[in-house]
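Here is my note on the model you sent. Please read it with the structure open.

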Amino acid sequence: MTKKSLRDLPPQALEGKRALVRVDFNVPLKNGKVTDDTRLRASLPTILYLREKGARVVLLSHFGRPKGGPDPQYSLKQIVSDLEKLLGAPVEFIADPAAGVAVTRRLPRGGVALVENTRFWSGEEKNDPELAKTFAALGDLYVNDAFGSAHRAHASTAAVAHLLKPAVAGFLMEKELQYLGDLLRDPKHPFVAVLGGAKISGKIDVIRSLLPRVDELLIGGAMACTFFRAMGLEVGDSLVEPDRIELAKDLLATSGKKLILPRGGVIALSLERASEHRSVAADAIPKAWAVYDIDAATQHNYRARLLEAKTIFWNGPMGVFETPPFDAGTRAIATALVEAGKKGAVTVVGGGDSVAAVAGMEDQLTHVSTGGGASLEFLEGKELPGVAALEDA
Ligand code: ADP
Ligand code: MG
């Protein structure tokens, strides 16, 4: 189901109106300073558009995980000056949403206000209708631009959306729904997915949802070792999920030839002894050694398959990419995605660590999802409460 976007609203729906915008300002902070403002910048298209149309912009976001109430460490006040610099305009801070209505009414056209961390109120994570009413009083219409929070039914993402009309997707949300939605609806073939990371358990539902849709699913990361065990291979001290071996057997038996496993791995005795690494075939992993990356033969094989693809989705690193040289496999996949993109493939990356692994390459990829958990749940085919609450197009 496609959702109505900010773009679909006529000028009179915005002019002079108070737009309550749920953004994701959950940025990393160190000593009260924003160390990475990617998320602030990602919300600019929506905020600037609203300002240009003469709307008054009231921003709502969660920030960190404060425990049971206000905590200065998690106050959004700390990001106000960064936001002002990016906008080139003053930002009014609303410390208490229950007392914020007057501030929002005083805002000039194009003015911007930021409400304190939604998680300072216990009703937020309970999707409490009373708190949602308090939030709703701060706006005349609702815009959700926080795709990364859309898998949670919270007062600021779900309940509030039912109280204001129109309730539409912001530009960032729209982009996520479009690119991720296309993967499920109508991907160009060959469609190749690459899945890696530590555990099968977190990715089972994505594997199940993607298998019927893809032409090939390339497996990497520690996850591959659980599949190796399912095939009866020795994996030494590699990270395995023993309770998922049966499931891996099942997936291998039912996936046809779509599941592609690494040909071999880069192994070491431990991460501390990374310099003593070597490469072995998948059926020659010695006891006491652990696989920390895909080997060169696998990189080569996966690259060749990716270069044939017209659509690629990637989630999860191929190895312990935080510890060189075990980042080589992950880098090789990132490079292959960029190359495939140059040949016309649509390339989409989603996840937490996989997104970190492509930092700096974003503009050479079609779409890098900002929603870690949310993008996976979306691809599992689940309905996200924050999306479901928006009006249909
Ligand atoms: P994402 O956040 O992109 O969804 P995951 O959280 O599922 O990815 O997995 C990332 C983690 O998997 C990384 O911390 C990485 O070190 C770990 N990992 C990948 N391959 C291996 C491996 N062979 N052995 C141990 N850990 C691994
Ligand atoms: Mg992760």
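1. Basis. This is a predicted model: local features need pLDDT of at least 70, side-chain atom pairs count only at pLDDT 80 or more, and totals for chains, interfaces and linings use all residues. Residues are numbered from 1 along each chain as its sequence is written, chains are lettered from A and ligands numbered from 1 in the order written, and side-chain values use heavy atoms, without hydrogens and water.

2. Domains. The chain splits into domain 1 (6-174) and domain 2 (187-379); the bounds come from an automatic or database domain assignment. Their centres, taken over C-alpha atoms, are 36 Å apart. In domain 1, 5 residues are in contact with 8 residues of domain 2 (contact: heavy atoms within 4.5 Å).

3. Largest pocket. Its volume is about 880 Å³. A pocket is an open set of points on a 1 Å grid over the protein atoms alone, with protein on both sides within 12 Å along at least five of seven lines; lining residues have an atom within 4 Å of a point. Volume is the space filled by probe spheres set on the points, which are joined across faces, edges and corners.

4. Pocket lining. There are 35 lining residues, and T38, R39, V355, S369 and T370 are the closest to the centre. Each domain supplies at least three lining residues. α1 gives the most, with 4 residues. Helices (H or I, at least four residues) and strands (E, at least two) are DSSP runs, numbered from the N terminus. By class, the lining has 10 nonpolar, 16 polar and 9 charged residues. Here Ala, Val, Leu, Ile, Met, Phe, Trp, Tyr, Cys and Pro count as nonpolar, Asp, Glu, Lys and Arg as charged, and the others, Gly among them, as polar.

5. Cavities. A cavity is a set of grid points where a 1.4 Å probe fits but cannot get out. There are 2 of 30 Å³ or more. The largest is about 60 Å³; R39 and T370 are among its lining residues. α8 (223-230) and β14 each give two or more residues to its lining.

6. Sheet. Three strands form an open sheet in the order β13-β12-β14, with antiparallel pairing (strands pair if DSSP finds at least two bridges between them). The edge strands are β13 (278-281) and β14 (290-294). β12 (residues 264-268) is joined to β13 by 4 bridges. V266 stands opposite S279 in β13.
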